[in-house]
Amino acid sequence: MATWSNLNYQNSASPLMEQIIFFHDHTLVILIMITILVAYLMMNLFFNNYINRFLLEGQMIELIWTILPAITLIFIALPSLRLLYLLDELNNPLITLKSIGHQWYWSYEYSDFNNIEFDSYMIQSSENLNNFRLLDVDNRIILPMNNQIRILVTATDVIHSWTIPSLGVKIDANPGRLNQTSFFINRPGIYYGQCSEICGANHSFMPIVIESIPMKNFINWINNYSLDDWKQVLVS
């Protein structure tokens, strides 16, 4: 999760986020080189006294400063297009999770299992001092690590955006439309996100929390959840 004075990306927990960070660093190096070159040329213009009364045109220099930016853009565009196609790739997901945005909370459904659905509300910081303010929820998403996960996202009222920075996932939740993406969590942990679309008065208060656990623990969680659900049905 993001911490105070952290100006860099969060530590990646998925291969896609690693690729996004690599592309960011690649582009930043090119931008720094361009900035240094332009600053050097401008300083030379300020401090030299050379004049040329007969200079009317310079076709060679115009050719150079047209071709060089084009080549630079190609070096940025090719990795960008590769990354765009990687982000849209869907590779045989093991589990499908459906996320439904409301004003102002999330609902989740595990489509591959019967009767596993719940709402996820933000926890007030006064309830438990161990929780992160504006980031913790009462019901976390539980997912297995080292498996491809597909998420289907929609909304019931206004546009939301389901975003987990450390996983490199940001997908809009539109009413009447079902969007999908996938991600791969490569280590256990707890990952925080928020709605990143201005969706109303309480937009800041609908966080997302994913808890990544080993597959064995995930199966136990599924079995226990199903047992608790059946107990509630029998009691009612």
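## Sheet, surface patch and ring pairs

His160 stands opposite Ala173 in strand S7. This is a predicted model, so local features need pLDDT of at least 70, side-chain atom pairs count only at pLDDT 80 or more, and totals for chains, interfaces and linings use all residues. Residues are numbered from 1 along each chain as its sequence is written, and side-chain values use heavy atoms, with hydrogens and water left out.

**The sheet.** Strand S6 covers residues 160–164 and runs antiparallel to S7, joined by five bridges. Strands here are DSSP runs of E with at least two residues, and helices are runs of H or I with at least four, numbered from the N terminus. Two strands pair if DSSP finds at least two bridges between them. Five strands make up an open sheet with mixed pairing, in the order S4-S10-S9-S6-S7. Its edges are S4 (141–144) and S7 (169–173), each of which pairs on one side only. From one strand to the next, the twist averages 25°. Axes are lines fitted to C-alpha atoms, for helices over the stretch in contact, with angles from 0 to 180 degrees between N-to-C directions.

**The surface patch.** A nonpolar patch of about 1000 Å² involves residues including Leu28, Ile36, Val38 and Phe47. Patch residues have over 30% relative accessible area and no salt bridge; like charges are joined within 9 Å, nonpolar side chains (Val, Leu, Ile, Met, Phe, Trp, Tyr) within 5 Å. A salt bridge is a side-chain nitrogen of Lys or Arg within 4 Å of a carboxyl oxygen of Asp or Glu. Areas come from the Shrake-Rupley method with a 1.4 Å probe; for residues, only the protein chains shown count as cover. Val38 sits in helix H1 (residues 15–47). It is partly exposed at 41% relative accessibility. Buried means under 20% relative accessible area, exposed over 50%, partly exposed in between (1.4 Å probe, protein chains only).

**Aromatic pairs.** Rings of Phe, Tyr and Trp (its six-membered ring) pair if their centres lie within 6.5 Å; planes under 30 degrees apart are stacked, over 60 edge-to-face, the rest tilted. The count comes to eight aromatic pairs. Two of them are listed here.

| Pair | Centre to centre | Angle between planes | Type |
|---|---|---|---|
| Tyr110 and Trp221 | 5.4 Å | 55° | tilted |
| Phe132 and Tyr192 | 5.4 Å | 85° | edge-to-face |

Tyr110 lies in strand S2 (residues 105–110) and Trp221 in helix H3 (residues 215–235), 111 residues apart. Tyr110 is buried, at 2%. Phe132 is in the loop between S3 (117–120) and S4, and Tyr192 in S9 (residues 189–195), so their pair ties together parts 60 residues apart in sequence. Phe132 is partly exposed at 38%, whereas Tyr192 is buried at 9%. Ring pairs also link Tyr108, Tyr110, Phe113, Phe118, Phe218 and Trp221 into a cluster.
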